[in-house]
Amino acid sequence: MNSNSTMTTVMPHAIAKPAVTPLALVGLAAGLAVAVGAAFWFSDYHLFQLTMVVVYAIAILGLSIVTGFNGQISLGHGAFYAIGAYVTAILMDKYDVPYFYTLPASAVVCAGVGFLIGLPALRLGGLYLALTTFALAVAIPQLLKHKALEDFTGGVQGIVILKPDPPFGLPINGDQWLYLFTLGVGCIMFLLAWNLLRGRIGRAMRAIRDRAVAAEAMGIDIAMLKTRTFAVSAMFTGIAGSLGAIAVQFVAPDSFTVFLSIEFFVGMVVGGAASIGGAVFGAFFIQFVPNLADQISKAAPGAVRGIILIIFLYLAPAGMAGLTRMAIRRLRRPKPTGA
Amino acid sequence: MDGFIHQIFSGIATGGIYASVALALVMIYQSTHHVNFAQGEMATFSTFIAYTLIQAGVPYWVALVATFAISFAMGVAIERIFLRPMANAPELSSVGVFIGLLLIYTSISGWIFGYTIKTFPTPFDTGHPMLGGFVSGHELGATAVTLVVLLSVYAFFRFTRLGLAMRAAAYNPVSSRLVGVRVGWMLALGWGLAAGIGAIAGCMVAPIVFLDPNMMAGILLYSFAGALLGGITNPLGAVLGGFAVGVIENIGGAYIVGTELKLTMALVIIVAVLTVKPSGLLGKTVQSRV
């Protein structure tokens, strides 16, 4: 309906930026150095928070791939996060699988579930997918609590898992290792996403978002690519769920209500829906803003998130990533002589 | 067998509530092609207002009418303030605004009225079962109220000038504007009406499920399922779909999947309708231009 205005308002510059500038590389390296250095600087509690930031960043990146880059609105990515978390917890708890081997398993499971969910819903308009995924997010705690799965999922009680020890006798504690491990996986996931989105498939995804008919005329199998995108996106968020379960060392159905999905959605919009870097900002936002607001009242975090979400939609629909891009352009061209 | 008939009757009673919320959803969908994800939370907030009025000693029916009026004003205000600027925004933005409203409403409900679960009064005689023991007084009364609401909405759209103007505005905004219909205000009135219907549905369901800030989350899902089943483009279909989902939910909950998976049934209905007959039972087939 409004597909072409989506393009102009949400991400105006992604296509016209193929090359990686040296400046960006230096910035990236510096950022990575700070992120690694943080492991030796912060207290264990703050490290845990930073670990969750990385986890949320991966989850939001997953959502961003399908919603921001492919234009398919999902309000239920918390469900894939939950499935990933449970796959890891069950494998570790019942089958003594080492934590790092559980990641590929949950990637496969989540991609499969995402494919199956996407199959009926993606053939229809965007709102139907939003509805279906919303329904999935509301239903998932009930499914996880169900008696038939209780032997695996532990029912309402959930599953407690053990914190992994640092390997190879590294002289760091468990929290530091957990953070570095999560950070490492996060870097791999971001690299994968960047590589996927900048190439032929990424272009096809954006083409479907911006003008589906033209994309079809160019020979893109829309339904198939949409469904696959959804599967990849579910996989990213599922891996985030696995890492989240390892970090929290506990999974229970009521941690995965519909509000988790909504948080991912808010983080994605605030960070910038069609932006890889925006996912990181969104993760910082959903990790720290509720903590700040929580000091005002129990109800405040939700209201604050809702208000900030609406403000961003009105004033900066491309999120923080869009604002940053705009700021950089202003700085580079001090005299506006017409772009 | 008696148990089965009982399930059908209470299915019709809750189905009536889904039918009204489904009707509210379809009214907004028809005129704006938006699905109001905050419909349930708005209704919960209205139910809290009714609760507060009744606790303050206002007679039940007066409180119900007052709640309808307040919710109506609230719906109009939301359309004018939050959605008007989003009229031409991409889908992601409008969905985002609804999610924002959902967050704000849940928080405000919890903030003002607290998170403790409250029992909501019913004006109907619950002392002895009716119709041979198959249905409680509240279920019968709630069904009656729902039917009155649905019939009044039908009569309003069918027989009044304003209803005709609202239908015209939804059906063809450009031509309506040309003949002097104030389309913007018609949309706002539609929002008000939807909010008011939601408020009454909230008051009818609160004695059954108890009142707390997340009361309507499940109900909204069933109403979505009902609207889709009947056809999201058809108000009558949405109402019938709502009743059908109520009955399916009760029968399924009692005999097939158990009460723990009731919400999952809504998901299954939604996926099934989208897979088998996306336009619903009575809806128009959606055609996209190529």
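A salt bridge here is a side-chain nitrogen of Lys or Arg that lies within 4 Å of a carboxyl oxygen of Asp or Glu. The model you are looking at is a predicted one. Over all chains, the structure holds four salt bridges, and three of them are set out below.

| Salt bridge | Closest N to O distance |
|---|---|
| B:Glu79 and B:Arg84 | 2.9 Å |

How exposed are the two partners? A:Lys94 counts as partly exposed because its relative accessible area is 37%, a value between the limits of 20% and 50%. A:Asp93 is likewise partly exposed, with a relative accessible area of 34%.

In chain B, the closest N and O atoms of B:Glu79 and B:Arg84 are 2.9 Å apart. B:Glu79 is buried, with a relative accessible area of 3%, whereas B:Arg84 is partly exposed at 27%.

Now for the interface. How many salt bridges are there between chain A and chain B? The count is zero. Two residue pairs are in polar contact across this interface, both at pLDDT 80 or more. On the side of chain A that touches chain B, the elements giving two or more residues are helix 1 (3-10), helix 6 (126-145), helix 12 (258-271) and helix 14 (300-315) of chain A. The largest share, 13 residues, comes from helix 6 of chain A. By type, the residues on this side divide into 30 nonpolar, twelve polar and three charged.

The contact draws 45 residues from chain A and 51 residues from chain B. Together the chains bury about 4200 Å² between them, with 80% of that area on carbon and sulfur atoms. Within chain A, the residues that lose the most area to chain B are A:Leu127, A:Tyr128 and A:Leu131, which together make up 15% of what that side buries.

Conventions. Residues numbered from 1 in each chain as written. Chains lettered and ligands numbered in written order. Predicted model: local features only at pLDDT ≥ 70, side-chain atom pairs only at ≥ 80, totals over all residues. Heavy atoms only, no water. Contact = heavy atoms within 4.5 Å. Buried area = accessible area lost by both parts, 1.4 Å probe. Polar contact = N/O pair within 3.5 Å; in protein donor to acceptor, adjacent residues only side chain to side chain. Helix = DSSP H or I, 4+ residues; strand = E, 2+ residues; numbered from the N terminus. Nonpolar A, V, L, I, M, F, W, Y, C, P; charged D, E, K, R; others polar. Buried < 20%, exposed > 50% of the residue type's maximum accessible area, 1.4 Å probe, protein only.
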